[in-house]
Amino acid sequence: MKKQPGVQNKKWITYGLGALGLIVIVIFSLWNIYLQDQRRRDDLVRQAENISLAIDGDILQNFSGTPADQTSPHYQRLKQQLMATRRIYPDVRFMYVLGQKEDGSVFFNIDSEPPGSPDESPPGDVFPDPIDLVIETLKAGSSVAIGPGTDAFGTWITAFSPIRDPISGEVFAAFGMDVDAEDWIIQVVKSAGLPIIIFLFLIILIIGTIHVFKYRQKNPETYRKHFFTRFALVICTGLLGLCLTFLFTWYAGLEDTRDRKYSFDRLAGFQSEIISSAIRNIDTIGLESIKQFFQGSDHVTREEFSTFTEHLLNDPFITAWAWIPQVQKDQLGLIESAAQLEGVSQFQIWQQDSDDNKVSSISEDAEFPIFYIAPHDDYENLLGFNLSSIESQKKMLNCAMETGNTCASDPSTFIYNESEPNLIFIYKPIKPEDNPSGQVGIVAAIVFSDQILKSDRFESIQYEDDPEDIGLYTDIFQIYPEQDIQLLSSTSPEHYQQTHLSDNLHEHHYAEFTFIKPLFLFGNTYTIVSHPSPNFYQSHPASDGLTVAVSGFVLTVMAMVIVGNYADRNYILNDMVQQRTAELEESETKFQIALKNSPVIVYQQDQDLRYTWIHNPNPEFDVQNVIGKTDYDLLLPDEANQITQIKQQAIKTGEGTRQIIRVTLEGRTYHYDMTVEPIQNDSGECTGLTCSNVDITDIAEAYDATIEGWSLALELRDQETEGHTLRVAEMAVKMAESLGIGEEEMVHIRRGALLHDIGKIGIPDSILLKPGKLTDEEWEIMKQHPIFAYNMLSEIAYLAPALDIPYCHHEKWDGTGYPRGLEGEQIPLAARIFAVIDVWDALLSDRPYRNAWPEEKVRDYIRAQAGTHFDPAVVDAFFTIVDSFTRE
């Protein structure tokens, strides 16, 4: 008997629905696996970026990419650092750095395998195919995670991150790290497995619900009589709703976790950058400036050392600064006599015996006694201590002298008893070739390791003054290629510390919220590990997943009521609206609580840059006094103009930006780290801005105090110019103000004027303090001081805008100046202004080789030099306002 067409159609519809359900399951499974895989790749890329930033590009560029590199001390240090770093990433099998030859081939520079290991890739080995994405990373300068890819060692998921030239910013190498692909896939599938099972169950429920609905239509009487069949649709609706609620709650939880992790990573990254910059500055600013001070003098006395290091002791990381000469055995008596002549009557070179008693040094090799130390009064008992009598210290001292690199000791409790904090010595060598006619030895910084994170430098990340009430738990560890890690400093609870130490950083509390930043410094490997504290979770609550779960449950119950009772649809819709409104109000309340606990100023502006909304944690801030106004209504004109230009550019380009700004409020100057993000509508048009300001005033003031300390140190060394620096700085600011130069630029002019002769640190005393006329050779050395200033300051981003005066104030209008022979308006305006002021003050002052000139003679001289030495327009402006200057 032939089937009716209607029956055949229903059969094909059933088959079609089944096939559609299967396709949906496959698509959802693939999408979910892709989502989990992508998030893990993003995490792997961030790890690779953090490690690549720790690698010193200057050192890496000196590698030849051949097996000869393996004998280089720089190569050996980096090899040990990569070996140590790989130990704290248990999922990572290989770490390596790649370079590219002129023929396009990619080769290994260095890897994390122990020397001689069968898995080691020596320098120069060709990187196996595929290399397209590696080359793309080198060219584009962007990080990427690729794979699975197979080579001789296995199948891997690999992340590449570019390594840039520190000066030009060009990419010249790539850092790579490999994770076993099989383990990777297992972890991805585990992460995606539960929602896939729930979704499969959901599809089965949908098919079952369709059959129940069809059964109800075919057998209406039976449907009404039996309890199960009567409420089957309600039960199916409830199960469907619960499945959907779980899926959406799971997805919302992922998004909520991602958002909170983003906030956590930013906070932890900001803190780690402060820590790493401060630790690096011990070498690049503190030790380097002391080294240049020694190189610029034939002999630095104890008093000069104390004076020079006085302002450097303002660094909260530093316990003491020390000078440690390299003393041969036959020179011990001479060095002790020299100390006694300088007033240290009881000075002797000593060491500790096995009972910690003070005994005379008995070393047969060159000795390294602590000769100068500041602050002297606090650490006088360390004078004469022979650091090379301790084997671990001797190794680092010899490392520094042999390689010329800055080296740091492991934490040690020697000299002090075990109840005292651990000491770290950071050594920077002055070798004979560095200072042919001067002192040779070691400049040292002494740090109490467990005090690093207790510095008031980190108050910016605290919610309150209570040290237990911070947003992050942070640990700093020293890690080694083979031995267990060592805790240096911590703000974490004891059980966090023990977990890290017992598993070598393989296990973490709140593992998903873990920020790890390796640091390759002083020949050692350190890592900063951050976790959120309870306060972070309170200020960043996981509200989205909860809101979705509650909403889903409510909607499920409502759907069951609708299906079971056929209630009025409009009534149910209104009830849903009310429920959603209450939930949105609850979400808004939680959002306001989160903002209230944040120290950041957050606000929004419309296209005309009028304030439409603002959150300020200061309870005395009057919000209504700001709403509807622009920056021109609230700030000084120059400041408002600068900030408005930044925001207008963001609106014009549709791209966010981050700038350091300076504002004056109620007579006080503040510095803010301002982040600007455009608000765009569905069509991509910018309708306003969302901005945030972080107060960094204390950091800016600390930099200015350091500049003034440098200026004072220069005047103490070169007494013939006493008072000159402050006078010309104030005159330069006044003249810039009269010429209509903006407030922001005047700040840089003042800093440049204070540091205009900073390069003289590199000029030997025999030339700088010579009372008579300099020889041609001496004058050529003297003319190098602007270059010394540029080399010293250009690496400091904060002072880069102030370089015009220190670098160019000896240039002349006709191009006969130095160091670069700039001509006319090639010379920066700030330097042209300062050149006139510098000569004016110098000629009006007494010097050892001449008396001060009469003011009228100085006026005639400067007018005569207009057009040759000086910018004629600047000279005219100078004499227009010179009568307003009052010389002290």
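Let's start at P375, which sits in the loop between β9 (372–374) and α10 (391–403). Helices here are DSSP runs of H or I with at least four residues, strands are runs of E with at least two, and both are numbered from the N terminus. The model is a predicted one, where local features need pLDDT of at least 70, side-chain atom pairs count only at pLDDT 80 or more, and totals for chains, interfaces and linings use all residues. Residues are numbered from 1 along each chain as its sequence is written, and side-chain values use heavy atoms, with hydrogens and water left out.

Back to P375: a cis peptide bond joins A374 to P375, with omega at about 5°. There's another cis bond from Y818 to P819, with omega near 10°, and P819 lies in the loop between α23 (804–808) and α24 (829–843). Most peptide bonds are trans, and most residues other than glycine have a negative phi. F522 has a positive phi, near 60°, and you'll find F522 in the loop between β15 and β16 (524–532).

Now follow β9 into its sheet. Five strands make an open, antiparallel sheet in the order β9-β6-β12-β11-β10. β9 and β10 (407–408) are at the edges with a single partner strand each, so one side of each has no neighbour in the sheet. Two strands count as paired if DSSP finds at least two bridges between them. β10 and β11 (residues 423–430) pair over two bridges in the antiparallel sense, and A408 stands opposite I426 in β11. α10 touches β10, β11 and β12 (441–448), and its direction makes about 25° with that of β11. Such angles run from 0 to 180 degrees between N-to-C directions, using lines fitted to C-alpha atoms, for helices over the stretch in contact.

β17 pairs with β18 (residues 611–615) over four bridges, antiparallel, and Q605 stands opposite Y611 in β18. These two strands form a hairpin with four residues between them, and L609 in the turn has a positive phi of about 60°.

What about the aromatic rings? The structure holds 29 aromatic pairs. Rings of Phe, Tyr and Trp (its six-membered ring) pair if their centres lie within 6.5 Å; planes under 30 degrees apart count as stacked, over 60 as edge-to-face and the rest as tilted. The rings of F264 and F513 have centres 6.0 Å apart and planes at 75°, so this pair is edge-to-face. F264 is in helix α7 and F513 is in the loop between α11 (494–502) and β15 (515–521), so the pair ties together parts 249 residues apart in sequence.

Methods. Contact = heavy atoms within 4.5 Å.
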